[in-house]
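Please look over the sequence and structure before reading on.

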Amino acid sequence: MSSLATPSAVVRTVKSASSPFRAAATSSYSPSRWRPSYFRTAPQPPEPEFSELLSRFASLTLRPLDLSTLLSLGRPLTPESVLASVKCVLFEIPHRLAARVRSLEALPFIVGTNPYVANTLNAHRESFRWLATHPPITNIADNAKFAQQLANIVQNHANDIPTMAKGFQECSRYMSSAQISNFLDGAIRNRISVRLIAEQHIALSQALENPDADTSHVGVVDLHCSPKAMINMCGSFVSELCEATFGSSPPFVINGHTNATFAYVPVHLEYMLTEILKNAFRATVEHHSKYKSSSRPLAPVTITISPSSLLNGTPAYFSLRIRDEGGGVSQANMARIFSYAFTTAGRSVEEDFDDAGGGGPYAAQHVGGSAAIGSGGSGQANLFGELTGKGLQTGLGTIAGLGYGLPMSQLYARYFGGSLELMSLEGWGKNVSLDIEALLSSDWYNKRNRCLFEAQMPRRSR
C-alpha cells in the first residue's frame, strides 16, 4: 500500500480527532473563517462642515492654564462668576479638544486604522462637536444641566489613555519610541488642562448650589494645601503597599517648615508624592535586603519642606526634598530616568504579573519611575502592557501609573511652572527635588482679566 494517505483518509483522520478544526477540515474552505474578529478600516472623514469648525478652533494658539486662572472665576463665587466660567469652558475645552483631534488625525495611517485609536479619535470628535456647537448658557438653571452633562463627558473619557495605549501596543512597530513618547507627553498635557477646566467648573457649579460648601477650596484648588498633611497621607498609603508587597517598609520623617501651606490642586500633589515615595520606599527595601544586614533597621525616607523667600508676603515656590538611602541610580542610567523608553527593572511586565499573580501594587514599579517601550530585556519593559494590564485611578483616568511615575510627575510639576529634578549618589541613595510654584495673592486678580477676556470672546460662526 502506498505510504501516502488518500484525501479521504485524511478527512477520516480529522473526523475522528477531537479537534476544534474538525469541522473546518471536513467542509469547504472559506477565507472568512480565518479572519480576525475585527477589520482594519480607514477612519471615516468628517463632513465638510465639521472639518471647517474643527479647523477654526485648531488654528487658534493654545494659551497656558495657570492656578490664577482657575481661581479667578470662583473668587467671589456668584451666579455671574459661574456664568463667566461656563463661557470659558465653551471656548477653552473645544479649543483643546480640536488640537487633540488634529494630533490623532496626524498619526501614521496604519496606526489610525487601529480600532482602539480610531475609537478614541471618534470619541474626541463627538465631544468636540457637542461643546463647540452648544448654545450659550445664560442662566443658572441651564448651567446646572450643562454641568451634569459635562461631568458625564469627563467620565466617558476616563479611559482614553489606556485605550490609546492598547492601540499603540498593537502598532508599536510603526512608530519609534521617541514618537510615541512625544505623543503621550502631548496627550497627557492636553488631558490635564481639559480635566482641570471641566472639573473646576463642575466644582464651582456644585458649590454655588450648596452655600455650606467648604470655603477653603475654590473649585478643585485648595487655598490652604498642607504639604505635611499630603505627605502623611501618601506616606501611609505607600507604607501599606510596601509592607504588603515586601513584608517591610521604611519609616518616613518630615522636617523643615511643616506648618506651611499654599494654594494648589491637591490631586496633582498627591500623585507626584505617591510616585516619588513609591520609588524611594522600594529602592530602600531592596537595597537593604541586598547589601545590609537584616538585623539593622531600614533607613528612613526623609522629606524636607522648604518655602522660598517671601515675595509680597507669600513664598514664590515651595520646595520638597525626598531623600532615601536606596542605593541611587548608576551614572550610565541617569540621562534616561525621565524617559518613557527606559527602565532599570530588566524584566517584562508580563513576567512580573505571572510571578505575583497580578503583581500587587509594586509588580510594575520600576526604579526611576519610568516604563519602557519594548518587549523586555535589559533596560526594557512593555509600557503598553503596564498601561493596559494594571489600573490606577488618578486625575488622568484609569492608568497603570505604577510604571512610569517620574516622567508623569515631571509633567504635573512643570504644568504650573514647577520642576522635578533627581540627584543620585550611586551606592548610597538619591535626592528628588520637587519645586512647586505657589500662587501669589497679588496675582489672583491681576491675571483675572485674561480668562474673562477669553471667555467673553465672540463666538465664531458655526
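## Crossing of H10 and H16

In this predicted model, the axes of helix H10 (residues 177-209) and helix H16 (residues 405-415) come within 11 Å and cross at roughly 50°. Angles from 65 to 115 degrees count as roughly perpendicular and those under 35 degrees as roughly parallel, so H10 is oblique to H16. The crossing of the two helices is right-handed.

On the H10 side, the contact is made by Asp 185, Ile 188, Arg 189, Ile 192, Ser 193 and Leu 196. H16 contributes Met 408, Leu 411, Tyr 412 and Tyr 415. Sorted by class, the residues of this contact are seven nonpolar, one polar and two charged.

## Nonpolar core

The largest nonpolar core holds 93 residues. Those with the most contacts inside this core are Ile 93, Phe 128, Leu 196, Tyr 264, Leu 269, Ile 322 and Leu 434. H10 supplies the largest share of the core, 13 residues. Leu 196 of H10 also takes part in the contact with H16.

What does Ile 322 touch, leaving aside residues up to four places away in sequence? Its partners are Ile 276, Leu 277, Ala 280, Val 301, Thr 302, Ile 303, Lys 430, Asn 431 and Val 432.

## The chain overall

The chain contains 18 helices and 12 strands. It has 462 residues, of which 48% count as buried. Of the contacts between residues at least 6 apart in sequence, 76% join residues at least 24 apart.

How values were computed. Residues are numbered from 1 along each chain as its sequence is written. This is a predicted model: local features need pLDDT of at least 70, side-chain atom pairs count only at pLDDT 80 or more; totals for chains, interfaces and linings use all residues. Side-chain values use heavy atoms; hydrogens and water are left out. Axes are lines fitted to C-alpha atoms, for helices over the stretch in contact, and angles run from 0 to 180 degrees between N-to-C directions. Helices (H or I, at least four residues) and strands (E, at least two) are DSSP runs, numbered from the N terminus. Angles under 35 degrees count as roughly parallel, over 145 as roughly antiparallel, 65 to 115 as roughly perpendicular and the rest as oblique. A crossing is left-handed if the near helix is turned anticlockwise from the far one by less than a right angle, and right-handed if clockwise. Contact means heavy atoms within 4.5 Å. Ala, Val, Leu, Ile, Met, Phe, Trp, Tyr, Cys and Pro count as nonpolar, Asp, Glu, Lys and Arg as charged, and the others, Gly among them, as polar. A nonpolar core is a set of buried Ala, Val, Leu, Ile, Met, Phe, Trp, Tyr and Cys residues joined through side-chain atoms within 4.5 Å. Buried means under 20% relative accessible area, exposed over 50%, partly exposed in between (1.4 Å probe, protein chains only).
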